[in-house]
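Reader: I'd like to walk through this model with you, piece by piece. Could you put it up first?

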Amino acid sequence: MKVKELLARFHAWQISPFHYSEEGLEEHHCANCDHTYTGNYCPICGQAADVGRITWRSVWKNILNVWGMDSKSLFYSLWQLLWRPGYLIGDYINGRRQQSYSPTSMLFIVALFYVLVTNWIDPTPIEIVNESDTELVLLMKAIDWLLNNPGWGIMTITMFFIPPTWVLFRFSPRNNHHTLPQGAFIQLFMGSLMLIFIFFSETVSGIFNWLIPLYYYIAYRQLFGYRFWGTTWRLLLIINVWLLLIVTLVAIAAMCENISTFTTAQLTGYLVFDLFMLFTIFIILFIGYRISKKTSQAHDNATR
Ligand SMILES: [Zn+2]
């Protein structure tokens, strides 16, 4: 009974961790512009009501601010991302932003931390290219650069999740018809999580890599509201589309880089392959889209 109660309270916290109350609002005197008002912020100049005497606490808060680590931001947002990923992302894309750190800054600060620590452990830059035995020098150099700049690298990897998520979760019970820019913010948050788990898998144990698919499941389930199978099959399709997109792009890059030395037959072969891959991606997304639409209509009819 005790455990059940705790779980219920945890779940309530996951859905809505912040409470804003209008009770007990005292009158404040703004230290910045001399205006007298009630509320947490001065309506004239925007200074917070709790700004007053300089104390050691305000010095400490100021130092933390340099790194974007004041009490309500980076660390707390990361903490929330670990315990209520989908709900936090849902809050953010729906405009409840007061309690969340900017996901782009979050990703790049996590990336900076990642680079600092991994370079400290092993300062040799990652290099997967041996330039003599590949015809894809440019592509390989790009991949090397992305591996050495994990903020941009993770952004590139997760970018390919945006379109399939947008198509397959159009008719979800929660956050349906999300826009592509909202989709970009979803992936920026997921990118931070991914990078944290990659960091731990490289410094502590490879087991942490398994948290990436698990967290995609948890986050998408909380964010879009499908149950186990509804979330799982859509995520599997997204991973499929993701792989196919990457293979297609590599093929296109290979084609562009070597186009001057190609015979007509080789060129045709590449073009046919690319078109076939794009067509496959389209078919997968189309089928997923139709099933989602059908089941959401069936659900609507049942509840009507
Ligand atoms: Zn003021």
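Author: Happy to! From the N terminus on, the elements of the protein chain run α-β-β-α-α-α-α-α-α-α-α-α-α-α. Helices (H or I, at least four residues) and strands (E, at least two) are DSSP runs, numbered from the N terminus. This is a predicted model, where local features need pLDDT of at least 70 and side-chain atom pairs count only at pLDDT 80 or more, while totals for chains, interfaces and linings use all residues. Residues are numbered from 1 along each chain as its sequence is written.

Reader: Thanks! How many helices and strands does the protein chain have?

Author: The C-alpha atoms fill a box of roughly 80 × 60 × 45 Å along the principal axes. Within the protein chain there are 12 helices and 2 strands.

Reader: How far apart do the C-alpha centres of domain 1 and domain 2 lie?

Author: Domain 1 covers 32-66 and domain 2 covers 106-292, with bounds that come from an automatic or database domain assignment. Their C-alpha centres are separated by 42 Å.

Reader: What share of the residues in the protein chain is buried?

Author: A residue is buried if 20 or more other C-beta atoms lie within 10 Å of its own, exposed if 12 or fewer, and partly exposed in between, with C-beta atoms placed from the backbone. The protein chain has 304 residues, and the buried share is 20%.

Reader: Which residues does isoleucine 89 touch, not counting residues up to four places away in sequence?

Author: Two residues are in contact if their C-beta atoms, placed from the backbone, lie within 7 Å. Isoleucine 89 is one of the α4 residues that meet α9. Leaving out residues up to four places away in sequence, isoleucine 89 touches Ile186, Phe189, Ala219 and Leu223.

Reader: At what angle do α4 and α9 pack?

Author: On the α4 side the contact is made by Pro85, Ile89, Tyr92 and Ile93, and on the α9 side by Gln182, Phe185, Ile186, Phe189 and Leu193. These residues divide into 8 nonpolar, 1 polar and no charged; Ala, Val, Leu, Ile, Met, Phe, Trp, Tyr, Cys and Pro count as nonpolar, Asp, Glu, Lys and Arg as charged, and the others, Gly among them, as polar. Axes are lines fitted to C-alpha atoms, for helices over the stretch in contact, and angles run from 0 to 180 degrees between N-to-C directions. With the axes 10 Å apart, the packing angle is about 145°.

Reader: Why does aspartate 34 count as exposed?

Author: Aspartate 34 belongs to the loop between β1 (27-29) and β2 (36-38). Its phi is positive, about 70°, although it is not a glycine. Most residues other than glycine have a negative phi. Aspartate 34 counts as exposed because its C-beta neighbours inside 10 Å number 10.

Reader: What is the phi of histidine 177?

Author: Histidine 177 lies in the loop between α8 (162-168) and α9. It is exposed, since it has 10 C-beta neighbours inside 10 Å. In this residue other than glycine, phi is positive, near 55°.

Reader: One last stop: which residues does tyrosine 41 touch, not counting residues up to four places away in sequence?

Author: Tyrosine 41 is in the loop between β2 and α2 (56-66). With 15 C-beta neighbours inside 10 Å, it is partly exposed. Setting aside residues up to four places away in sequence, tyrosine 41 touches Gly46, Gln47, Ala48 and Ala49.
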